[in-house]
Amino acid sequence: MMNKNLYNYILGVADNSLILGQRLGELCGHGPSLETDIALTNISLDLLGQVRGYYQYAAKILGGNASEDTIAFIRKERDYKNVLLVEQPNTDFAYVIARQFLFDVYHVLFLDQLQHSRDLTLSAIAKKSLKEALYHKRFSSDWIKRLGDGTDESHSRIQNAMNDLWVFTNELFQLTEADKEMLNEGIGVDVTQLKADYYNQLNDVLNEATIEIPEVKFFQKGGKEGVHTEHMGYILAEMQYMQRAYPNMEW
Amino acid sequence: MTTTEQNIDNKLIPILEQVSDPEIPVLSIMDMGVVRSAVLKNNKVKVEITPTYSGCPAMDVIGDDIKKALKDEGYEVEIDLILYPAWTTDWITPRGRKALEDYGIAAPLSETADKEALLGNKRIVKCTNCGSTNTRLVSQFGSTACKAQFQCEDCLEPFDYFKCLK
């Protein structure tokens with residue numbers, strides 16, 4: 001019998017990388033400079049590579065005709081379990097960097113735990129991905145400092161981006177049903193334990209970057225349960241177009 | 001440093017050495033360290049390869065190239081992609097490092113070499129054109145997932161640096 005909780009757990013992890021990878025992919029040829037364009041699409045490629053590992057495993061669990069492609073391309077919006085943060089649009093370069101930084105710090109903490117999972121496949125993917133995520137975090141942290149401690153214009157833009165995206169951070173530390181089950185089995189990560197470390201690390205970098213920590217009374221949530229912001233539909237429309245228009249097409 | 005035993009049948013080594021990285025044609029996949037095992041049983045070969053980077057598009061091509069090279073020699077082939085233990089630049093052989101340098105790609109040094117270059121702390125990445133270490137990091141991300149961009153401050157040559165992955 002298929003392990004539904006494990007399947008859902010994998011999607012919860014992988015969908016974050018898929019949607020963020022897709023968002024970053026939109027910047028291909030549109031980055032503010034050649035170097036940042038290449039960097040952001042490189043990060044996108046790393047994330048999509050990680051996703052392949054997760055989805056191939058999920059497809060094995062699902063069995064039948066499932067493949068990494070059917071899981072990536074022909075689910076409905078409500079079936080995607082990514083957090084709201086990663087689907088937020090590429091408003092300007094400051095938003096791209098702020099979103100990346102807020103995710104990278106979490107991603108490193110998360111993978112660092114997932115590599116100790118009792119599930120050998122997840123542990124292997126995490127060990128591999130961690131090396132890449134550390135690189136991503138270094139890139140986004142450096143840019144947070146450059147923008148925050150740069151010109152008045154760059155400072156105000158990154159501050160605005162941070163103020164707007166901060167409401168999506170708390171969702172990262174919510175436990176879903178699948179999370180709880182997998183935690184009991186020694187497979188999943190207790191994300192609630194990462195929260196203090198996460199906000200401490202954000203504080204350190206933002207202080208150095210002279211960016212004020214946003215004060216937020218109400219945090220957004222829903223993505224992990226499949227309830228997304230208005231941006232998600234547009235991402236899926238673009239991402240799924242080919243498979244919807246030409247079912248089962250292959251590259 | 002991660003060390004793991006490679007388990008490669010001696011008979012297969014000369015064939016596998018003929019297969020090169022599609023992005024860096026001077027580098028054989030054996031010198032790159034991506035072949036973790038190649039076991040021969042009767043006429044069947046089972047090869048395990050590991051990706052350098054998760055999203056490296058070259059991996060599919062490398063798998064196909066290995067298959068073709070072995071089939072041409074009359075073997076039946078099965079390729080498995082394994083993720084653990086994760087690949088590290090430590091697995092690139094001395095011969096591979098030399099091939100990279102000759103090709104114009106600086107070989108990986110230490111995990112923070114590019115960051116140190118960015119901050120101007122330590123300049124250890126050597127220009128592949130003139131050998132000067134007076135080089136600077138242009139971008140931590142380069143033309144492929146595994147490379148960063150550098151430029152020599154003396155001869156002004158831009159060049160790739162193979163990122164260190166431990």
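Which residue in β4(B) does B:E48 stand opposite? I looked along the strand and found B:D80 across from B:E48. I keep in mind throughout that this is a predicted model.

**Entry 1: the sheet around that pair**

I next looked up the strand β3 of chain B, residues 44–49, and saw that six bridges join β3 to β4(B), the two strands running parallel. Both belong to an open sheet of four strands in chain B, whose order is β1-β2-β3-β4 and whose pairing is mixed. I noted that β1 (7–8) and β4 (76–81) of chain B stand at the edges, and because each has a single partner strand, one side of each is left without a neighbour in the sheet.

**Entry 2: another sheet in chain B**

I then turned to an open sheet of four strands that has the order β5-β8-β7-β6 in chain B, again with mixed pairing.

**Entry 3: chain B as a whole**

I counted five helices and eight strands in chain B, and, reading from the N terminus, I recorded the order of elements as β-α-α-β-β-α-β-α-β-α-β-β-β. The C-alpha trace of chain B spans about 55 × 25 × 25 Å along its principal axes. Of the 166 residues of this chain, 42% count as buried. When I took the contacts in chain B between residues at least 6 apart in sequence, I found that 53% of them join residues at least 24 apart.

**Entry 4: two domains**

Chain B is divided into domain 1, residues 7–90, and domain 2, residues 104–162, and I noted that the C-alpha centres of these two domains lie 29 Å apart. How many residues of domain 1 of chain B are in contact with domain 2 of chain B? I found seven, and they meet six residues of domain 2. On the domain 1 side, the touching residues divide into three nonpolar, three polar and one charged.

I also checked the record: an unreviewed UniProt entry lists residues 16–72 of chain B under "domain: MIP18 family-like". Over residues 16–72 I read 37% helix and 23% strand, with the end C-alpha atoms 12 Å apart.

**Entry 5: where chain A meets chain B**

I looked at the contact between the chains and found 19 residues of chain A touching 15 residues of chain B. On the chain A side, α2 (34–62) and α6 (120–148) each supply at least two residues, and the largest share, 10 residues, comes from α2(A). I sorted the residues on this side of chain A into seven nonpolar, five polar and seven charged.

**Entry 6: the largest nonpolar core**

Lastly, I examined the largest nonpolar core, which holds 113 residues, and among these A:I10, A:Y54, A:I97, A:A98 and A:I158 touch the most other members. Helix α5 of chain A (residues 93–114) gives the largest share of this core, 15 residues, while domain 1 (7–90) and domain 2 (104–162) of chain B each contribute at least three. Which residues does A:A98 contact, leaving aside its neighbours within four places in sequence? I listed A:I158, A:A161, A:M162 and A:L165.

Conventions: Residues are numbered from 1 along each chain as its sequence is written. Chains are lettered from A and ligands numbered from 1 in the order in which they are written. This is a predicted model: local features need pLDDT of at least 70, side-chain atom pairs count only at pLDDT 80 or more; totals for chains, interfaces and linings use all residues. A nonpolar core is a set of buried Ala, Val, Leu, Ile, Met, Phe, Trp, Tyr and Cys residues joined through C-beta atoms within 7 Å. A residue is buried if 20 or more other C-beta atoms lie within 10 Å of its own, exposed if 12 or fewer, and partly exposed in between; C-beta atoms are placed from the backbone. Domain bounds come from an automatic or database domain assignment. Two residues are in contact if their C-beta atoms, placed from the backbone, lie within 7 Å. Ala, Val, Leu, Ile, Met, Phe, Trp, Tyr, Cys and Pro count as nonpolar, Asp, Glu, Lys and Arg as charged, and the others, Gly among them, as polar. UniProt positions are given in the numbering used here, feature names are shortened, and annotations may be inferred rather than shown by experiment. Two strands pair if DSSP finds at least two bridges between them.
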